Amino acid sequence: MTTNLATYSVVLTYSAMAVYVIAFIAFALDVAKRSGNVAAAADGADAPQASTAERTVATVQGGTVVLEKVSQSSDGGSARRGGTRFERVGMAMTILALVLHVGSIVLRGIAADRVPWGNMFEFSLTGTGLIILIFLLVQLWQNLKFLGVFITGLTIILLGIATVNYWVPVVPLQPALQSYWLVIHVFVAIAGTGFFALGAGLAVSQLVQTYRQGRSTSGKLRFMETLPDADRLEVLTYRVILVGFVLWTFTLIAGAIWAERAWGRYWGWDTKEVWTFIIWVVYAGYIHARATRGWRGARSSWLALIGFAAVMFNFSVVNVFFKGLHSYSGL
């Protein structure tokens, strides 16, 4: 029974990846559509309007500039539609993929009879699911659908690496992991990583927007005209990373408490402990520099990306190739 559930979990994982690919393509087409709309609007800016015509206008929704198709009649009335159909398809496919993704996580947990993050494969499976969930929930606060290409693309890559390189059969937990701290410490770490990933996507967008706004011509990267300006993107990056930093701080403290329970010391300079602390220092430096030293714009975004690079190094290199008390990859 356990083997069957684990097999079904893998099938659902591959199914979710296939739907994520469809979502990624839809979000990419949305970017292309945004560029086309901006170009059409620019070309028709000086053209006279007919009595009844469809044209593109820009509106502000939740701090985001959105291009909409407007049917303009002679009496000034209009019927608006929000977002492109590619964006709507991308969001719908992302939600469907998450349902399949959650199903694979649940089946893996049932098969293992524990929380499904006891090794690298399970951590990757749960972590990518939580990244997608955070991306969707954040839409309730701010329209960040333009990050769909980045988030779904990152998820596809991480899930692909996990299924090809990290998959292991269901096995019992090692004695040191048989603790309620596994639920608390690791889950909060995964949630913090999800916010850091979202912050990285915003930081990339900010850097691209800064580059574009610094050019005299805007013929390239026209879709960026439909996104918030560089200053707004930088503020959004800071707010998202601040949430991730709070969660990562708790992760660091909880890890020390768990280490004392498991090994009789709070800190031992184990490789995993050191890199967790390095990540905390980088993001603490980012927050401090931005708040007190006036680091704004591209400099703060580059520092945010350095922090996320440290997170990815910790995940993909330290967990697999460095030996120590935290060698729980199962590989």
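I am reading a predicted model, where local features need pLDDT of at least 70, side-chain atom pairs count only at pLDDT 80 or more, and totals for chains, interfaces and linings use all residues. Residues are numbered from 1 along each chain as its sequence is written, and side-chain values use heavy atoms, without hydrogens and water.

**Helix pair.** I looked up helix H4 (residues 148–166) and helix H5 (residues 181–213). Their axes are 9 Å apart, at an angle of about 130°. On the H4 side I found Phe150, Ile151 and Leu154, which meet Ala197, Leu198, Ala200 and Gly201 in H5 (contact means heavy atoms within 4.5 Å). By class, this contact has six nonpolar, one polar and no charged residues.

**Core.** Which residues touch the most other members of the largest nonpolar core? I found Leu198 and Phe308, in a core of 75 residues (buried nonpolar residues joined through side-chain atoms within 4.5 Å). H5 gives the most to this core, with 14 residues. Beyond four places in sequence, Phe308 touches Leu154, Thr193, Phe196, Ala197, Ala200 and Tyr283.

**Thr128.** I placed Thr128 in helix H3 (residues 120–138). Is Thr128 buried or exposed? Thr128 counts as buried, because its relative accessibility is 2% (buried means under 20% relative accessible area, with a 1.4 Å probe). Leaving aside neighbours within four places in sequence, Thr128 contacts His101, Thr155, Leu158 and Leu159.

Definitions and conventions:
Axes fitted to C-alpha atoms, helices over the stretch in contact; angles between N-to-C directions. Helix = DSSP H or I, 4+ residues; strand = E, 2+ residues; numbered from the N terminus. Nonpolar A, V, L, I, M, F, W, Y, C, P; charged D, E, K, R; others polar. Buried < 20%, exposed > 50% of the residue type's maximum accessible area, 1.4 Å probe, protein only.
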